[in-house]
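Please examine the model below.

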Amino acid sequence: MRWLPAFYVAGILVLEPLTPVQWPVSFLLIALPVIAAFAHGPAAVAGVTVFAIAFEGVLAGTPCCAGRPVSYVWERHYVATYLSTAVVGVLGTILAAHRVRRERTLANVRFVAEIAQHVLLSPVPHRIGPILVEALYLSAAAEARIGGDLYEAVPTTYGLRIVIGDVRGKGLPAVETAATLLGAFREAAHDEPDLAAVARRAETSMNRRAARLAGNDVGERFVTAVFAEIPRRHVVRIVNCGHPPPLLIRSDGVTELETADPAPPLNLGMLLAEAYRVDEYPFGPGDQLLLYTDGVTEARDHTGAFYPLRQRVLSWGPLQPRELLDRLHQDLLVYSNNRLHDDTAALAIYHLPDQLEVP
């Protein structure tokens, strides 16, 4: 975009000798200040305006270049062109000044959003004993850095506890809801000896927040989430609250950890008469757990087909956590043609083989 004014002038110079003398191609220079305003500041646009008027005069009355007599310089049609270019130049300068202010404001907003994301989604611990943890967050909006998807991994005396979730809705209310859930989880993960109790604490916090909110859609402000716990070396426990099932990746295949009795999303726990169900699965050395939000599985290709996560992961073969998430990131962008319609978060938890563990 910064070179577009130069390309535009070059195009006019190419057209000028190819057109009859009675066709004043120099009139096209009236648009040059506006073209410059797309990528340059107000001072540069003002300079381009002066250049455009001078260049119009050169093309209007230079026999060697345009084939017109010098007297044409002050011909009334050309004078009108100079005046029109000056008016457009003033408007382009104002437009450039407005654009620069908006860009500065956007930069400040993005900076604040990055700080907020760092506070809300703090970096996960990359290694806890024999467990490696890596995270991925993708925003559907090009300028956004934070949204309603959330994750956390907390080492506790009860083992490594993990949550990943997706808040219904967008914008600031979704961020506030995500912050409420993460705050409740970070406290309950250390206090509650049972994973189901952690989920119940999160549900209680969500209910309290909903009670403080105004509006008729309070009951719809819910969060789908998966709570996971690795209490010892060869098992993982999971509580699923209406969330896409995690993938268990082993050398012999990829399995979706579907629960037989899933709980409703958080803030809809009043629909659950019984306690949260905790499912337990083997999780030994070399196994990997992939938790994700529905932004992954709901990504679509040009035909509208959903992203086949399990088949893709199976085709990639064994990968380390960071490699797995990087591959997932690139594959999602290619599959959706860089058009993700929802925020995406993912966590990869890998149990190191015995020979790679550090005592």
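**Helix ends, packing and voids**

Q: Which residue, with a positive phi, follows α9?

A: This is a predicted model, in which local features need pLDDT of at least 70 and side-chain atom pairs count only at pLDDT 80 or more, while totals for chains, interfaces and linings use all residues. Residues are numbered from 1 along each chain as its sequence is written, and side-chain values use heavy atoms, leaving out hydrogens and water. The residue that follows α9, with a phi near 55 degrees, is N337.

Q: What phi does N338 have?

A: N338 is placed in the loop between α9 and β11. It is exposed, at a relative accessible area of 59%. Although N338 is not a glycine, its phi is positive, at about 60 degrees.

Q: How many helices and strands are there in the chain?

A: Helices (H or I, at least four residues) and strands (E, at least two) are DSSP runs, numbered from the N terminus. Buried residues make up 47% of the 359 residues in the chain. By the DSSP rule, the chain has nine helices and eleven strands.

Q: What span does α9 reach from its first C-alpha to its last?

A: Helix α9 covers residues 321-335, which number 15. The expected span of a helix is 1.5 Å times one less than its number of residues. For α9 that expectation is 21 Å, and the helix is close to it, reaching 21 Å.

Q: Over what arc do the buried residues of α8 lie?

A: In α8, L309, V313 and W316 are buried. These residues pack against β7, β8, β10, α7 and α9. They are on the same side of α8, because they cover an arc of only 60 degrees.

Q: Which residue takes a positive phi just after α8?

A: The helix α8 spans 309-316. Just after α8, a positive phi of about 75 degrees is taken by G317.

Q: What is the volume of the largest pocket?

A: On a 1 Å grid over the protein atoms alone, a cavity is a set of points where a 1.4 Å probe fits but cannot get out, and a pocket is an open set with protein on both sides within 12 Å along at least five of seven lines; lining residues have an atom within 4 Å of a point. Grid points are joined across faces, edges and corners, and a volume is the space filled by probe spheres set on the points. The largest pocket has a volume of about 250 Å³.

Q: Which of the residues that line the largest pocket are the closest to its centre?

A: The elements giving two or more residues to this lining are β7 (247-250), β8 (253-256) and α8. Its classes are eight nonpolar (Ala, Val, Leu, Ile, Met, Phe, Trp, Tyr, Cys and Pro), two charged (Asp, Glu, Lys and Arg) and six polar (the others, Gly among them). Of the 16 lining residues, the closest to the centre are I249, R250, G317, P318 and L319.

Q: Which residues line the largest cavity?

A: The count comes to one cavity of 30 Å³ or more, and the largest cavity has a volume of about 30 Å³. Its lining divides into three nonpolar, two polar and three charged residues. The lining consists of V239, N240, T259, D261, P262, A263, R277 and D279.

Q: How far apart in space are P245 and P262, C-alpha to C-alpha?

A: P245 is in the loop between β6 (235-241) and β7, and it is buried, with a relative accessible area of 14%. Not counting residues up to four places away in sequence, P245 touches N240, E256, L257, E258 and Y292. P245 and P262 are 17 residues apart in sequence, and their distance in space is 9.8 Å.

Conventions
Buried means under 20% relative accessible area, exposed over 50%, partly exposed in between (1.4 Å probe, protein chains only). Contact means heavy atoms within 4.5 Å. The arc is that of the directions from the helix axis to the C-beta atoms.
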